[in-house]
Amino acid sequence: MPATPLLNFPKPLLDQLFPYHLVLDQNFKVVDIGDCLARIQPELAVGDPMEKAFTLERPKIGLDFDEFSENLNMLFAFEEKSNRYRLRGQILLSEDDRRIIFLCSPWISDLDVLWRLGLGLNDFPLHDASVDVLQVLQSQKMMVEDLKNLNTRLTNQRAALRESNQQLLDRQEQMRRLSLVAAQTTSPVILADANDRVEWVNQAFTNLTGYSLEEVKGRIPSSFLCGPETDPKTLEIITESNLAGTPFSCEIVNYTKAGKAYWLDLEVHPIRDENGGNAGFMAIQHDLTARRLAARYAEVEYSITRLLAEQQDASYCLKALLALIGKKMGYCAGLFWSPTEDKTQLTCRHVWAQPSIEDSEFLVYSRVMGFAPGIGLPGSVWAEAKSRWMPDLSKETNFSRLGIASNSGVRSGFGFPILANGNFFGMIEFFDFEVREPDSTLLDMFSRIGLQIGQAMERSEAEAKRAELLSLLQAIFDATDNGIVVTNLKQEIVSQNQRMIDLWRVPPEFLNPNQIDSLREFIREQLVDPQSFIDRIRELQADPRQTSRDVVHFKDGRVLDRYSQAHIIGDHVFGRVWSYRDVTDQAKSEEALRESEARFRVVAETASDGILTIDERDQVLYANAAASRIFTYPKGSLIGMPLQDLIPVGISHSFCSLQSFEVLGLNKSGIYLPLEVSVGESTIAGENQLTVIFRDITERKRVESQLQEAKEQAEASNRSKSEFLANMSHELRTPLNAILGYSEIIAEDATDNGHTEYLSDLNRILTAGRHLLSLINDILDLSKIEAGKMIIQPEWINVETLVEECIATVKPLAAKNNNKIVVHPWSPLGSYWTDPTRFRQSLFNLLSNACKFTQNGQVELSMQPEMIEGKEWTHWCVRDNGKGISEEDQQKLFTAFTQVNSSSSKNEGGTGLGLAITRRLCDAMGGKIELKSALGEGSAFTITLPRLKLSELDDSML
């Protein structure tokens, strides 16, 4: 058995020499695949069986290793399963194991196929020409074999064709005879071939269905005769019988060319060929539509009668009636119309429609229309009180919805009235997609249905009114606050409500009719005067038509008001109705009211404030002693006076305020008095009254005037102090700057001349002077702010440079307390419109404070932009992890000359002005400063400033 060493070649070399090679193991699973072959067959991977993508065409052997080994001298051809191209080439065996190497190339005779596979001529190796020659020779041999096989098949087919032609001639003769018979019958007839396709139909079929022979020839009958109501199981039986070649009959629903359903009795007879095989069938149809319609009409009428009987509310089930009739009768839409409350027009109450038309313009418009008597189909049925049929809406002159009906495919319609005892309750109309001629049987049926619905609606209305009345009476009976009991002429209890039981506190065991004597004894034991209670009942029993009202007193202090009248229907008295109302609280309230009035008069007369009661005419009804004293009138003389004579401006009867306010009163001498007044409103005996409470505040006004003068003097003194401090700060700073300057010069000279022993004292002078200058500057800034002389001079600044300067300045202070400064900027910082000096001073104050009061910690500076109502603001946050500030200290932290953490403050010094100045500077620059801190958690001071000019910010952003 020849073998090849090709598998020992490197993979790139093997792909270059044989780009379409395929290496298989003895089970014909892919071991390796050539580069070009992998490109046109990407779904084939190593490990896949070869038959996943290819089928062996030549030679005609199985996929067997031994058979392949025996046919190595043959040209092998495989066909690709999806793209149908072929691979042809030679089979070789490996030297060392049972592996097959298929050296092949695509067998392609059309360049278009080559391009479609994504291949070019350069994808074939140079040596492939010799392989092509072998392929051509083998191809010719294969073509000769194919021609021989084709000649054999053609010979057999010609013999079969001659036999079939004879059979066809015989069958045509048979069909000609059958067609002569079928053409003369009045029943529709269909002749079909062995594939169930129509070959011929008679004229009766065309007359019934509307289909001509040319329209149905070659088609399967079920494809054009069946529709929505055709039973699928019947179709399955027809198909099975045709396949078996057995005759059968059934009833089925078919559809005409226009889409109209009709019932028929179908007889199917198979047609046999000369060998007894199935050659087709003949179907004879008998129209059952009329009989079916009669049965359907009866079914619809029965279903409606049953629905009306089961549903007491006829109006509620009208929509179900529309759906029932519409679906069973095959209509496209149904509408119920009823008169409006004023009986001037009909409006649409309920609509049912097939899905294809339920959102159509026709129904949308109909839902909002109204028809007067005689107008349109609803109006004409209303006016004539009888059914109306419109077979073709396009020919109707009294149908205002014609245009939108045509657009929706509606062609015909009819309506019938709903009547009962001469009363018109409404009408129902149905519409169809087809032109339908009037059907008297159908109209008679719907006239009967209309009477049934009308009687049901009349009965439903009466029942609804009766139920409503009973429900109302029961609700009143149960909900009333009065206890009600009904007795007959024998004084036996007929009925009582729960309130009655509650008022008399009757135990449940006494409610039994057999316990009437115990109940009467229980009632008597509760009453103060049981005998008078019984005597009154006997009086009314003797005169049953008498009406009575009295009061019943109980031993426990309760009082019930009792009212009784006769229970009369027509001229007959059936008993008596008793009503009991608990008036205990009312009696107690009346007594309490009397006591309250007495207490009110004592309080009012002894009150130091004046009290006036004003009626609706703004006249005084009541005035206490204090009112007479304040207005200097004799007691009692204020009654009847107009309120305007006492308080000329500020109060009228239309005015009411529980909040106190100030007005001027006028005393009897004509002197105006300042009064503090509050006014309340009340309703007594249906009349609105005002209660005016007032006090004379003349003395308080005098004190307030003195306090205002003192306040103005204090403010003037404070301004003078601020101006003095500002001037003094300037005067102090001038000599101090000279001291600092000369000290620096002397220190430099001492250093240059080598007098280092003086440097320590000179540095103490400089440090103390600079500290004093800082204190003077803080006082000067605060004085300027308080004196109103602080001027903000904004300009466009580079914030990044300013921040770097502040950090550089504060770093020595941070290093002194072993603190680390961390900056979290965002990029780019850009330019800002602000006062650079005041901004630097504010930021430096926060950074220096954080470094000063934090030991061995970290001070962070972060910057965060925020858009507020379309404007950009910036939050500058200085955060430390020091000791933190208590809530109590936070309340006074921004107050001038105030310091917290007193021990640290003493060590670090300072005036306590830094944060107070920073807050006022932030306010002046249009921003604010906020603090968040907690003991042991550090502090975070945040300055929020606008990035733009203040003129570009609205008030809500400041």
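Here are some notes on the predicted model above, written as a short tour for someone new to reading structures.

1. **Ground rules.** This is a predicted model, in which local features need pLDDT of at least 70, side-chain atom pairs count only at pLDDT 80 or more, and totals for chains, interfaces and linings use all residues. Residues are numbered from 1 along each chain as its sequence is written, and side-chain values use heavy atoms, with hydrogens and water left out.

2. **The whole chain.** The protein chain contains 27 helices and 34 strands. Both kinds of element are DSSP runs numbered from the N terminus, with at least four residues (H or I) for a helix and at least two (E) for a strand. Of the chain's 958 residues, 41% are buried. Here buried means under 20% relative accessible area, exposed means over 50%, and partly exposed is in between (1.4 Å probe, protein chains only). The accessible surface is about 53700 Å², and carbon and sulfur atoms account for 53% of it. Such areas come from the Shrake-Rupley method with a 1.4 Å probe, and for residues only the protein chains shown count as cover.

3. **Contacts along the sequence.** A contact means heavy atoms within 4.5 Å. Take the contacts between residues at least 6 apart in sequence: 53% of them join residues at least 24 apart.

4. **Confidence.** Where should you read with care? The guide is pLDDT, the predictor's confidence in each residue, from 0 to 100. Its mean over the chain is 79, and 82% of the residues reach 70 or more.

5. Helix H9 (residues 232-244) has 13 residues, which at 1.5 Å a residue should span 18 Å; its end C-alpha atoms are 18 Å apart, in agreement. The expected span is 1.5 Å times one less than the number of residues. Which residues of H9 are buried? They are Thr234, Ile238, Ser241 and Asn242. Looking down the axis of H9, the buried residues fall within an arc of 100°, so they line one face of the helix. That arc is taken from the directions from the helix axis to the C-beta atoms. Strands E9 (248-255), E10 (261-272) and E11 (278-287) are among the elements that cover the buried residues of H9. On the face turned away from the buried side, H9 carries the exposed residues Pro232, Lys233, Glu240, Leu243 and Ala244.

6. **Leu843 in helix H24.** Leu843 belongs to helix H24 (residues 836-852). With a relative accessible area of 1%, Leu843 is buried. Beyond its neighbours within four places in sequence, Leu843 contacts Val803, Cys806, Leu861, Val878 and Ile943. Leu843 and Ile807 are 36 residues apart in sequence, and their C-alpha atoms are 9.6 Å apart in space.

7. The buried residues of H27 are Gly914, Leu915, Ala916, Ile917, Thr918, Leu921 and Cys922. Helix H27 covers residues 914-924, with Ala916 among them. Ala916 has 1% relative accessibility, so it counts as buried. Between the C-alpha atoms of Ala916 and Lys892, 24 residues apart along the chain, the separation is 9.7 Å. Just after H27, Gly926 has a positive phi of about 85°.

8. **Cysteines.** How many disulfides does a search of the whole structure find? It finds zero. The test is a pair of cysteine sulfur atoms within 2.5 Å. Cys851 is buried at 0% relative accessible area, and Cys922 is likewise buried at 0%.

9. **Backbone details worth a look.** Most residues other than glycine have a negative phi, and most peptide bonds are trans. Lys343 is not a glycine, yet it has a positive phi of about 60°. Lys343 lies in the loop between E12 and strand E13 (346-353), and is exposed at 56% relative accessible area. Asn818, also not a glycine, has a positive phi of about 60°. Asn818 sits in the loop between helix H23 (799-816) and strand E29 (820-824), and is exposed at 55%. The peptide bond from Arg58 to Pro59 is cis, with omega near -10°. Pro59 is in the loop between strand E3 (54-58) and helix H3 (65-70).
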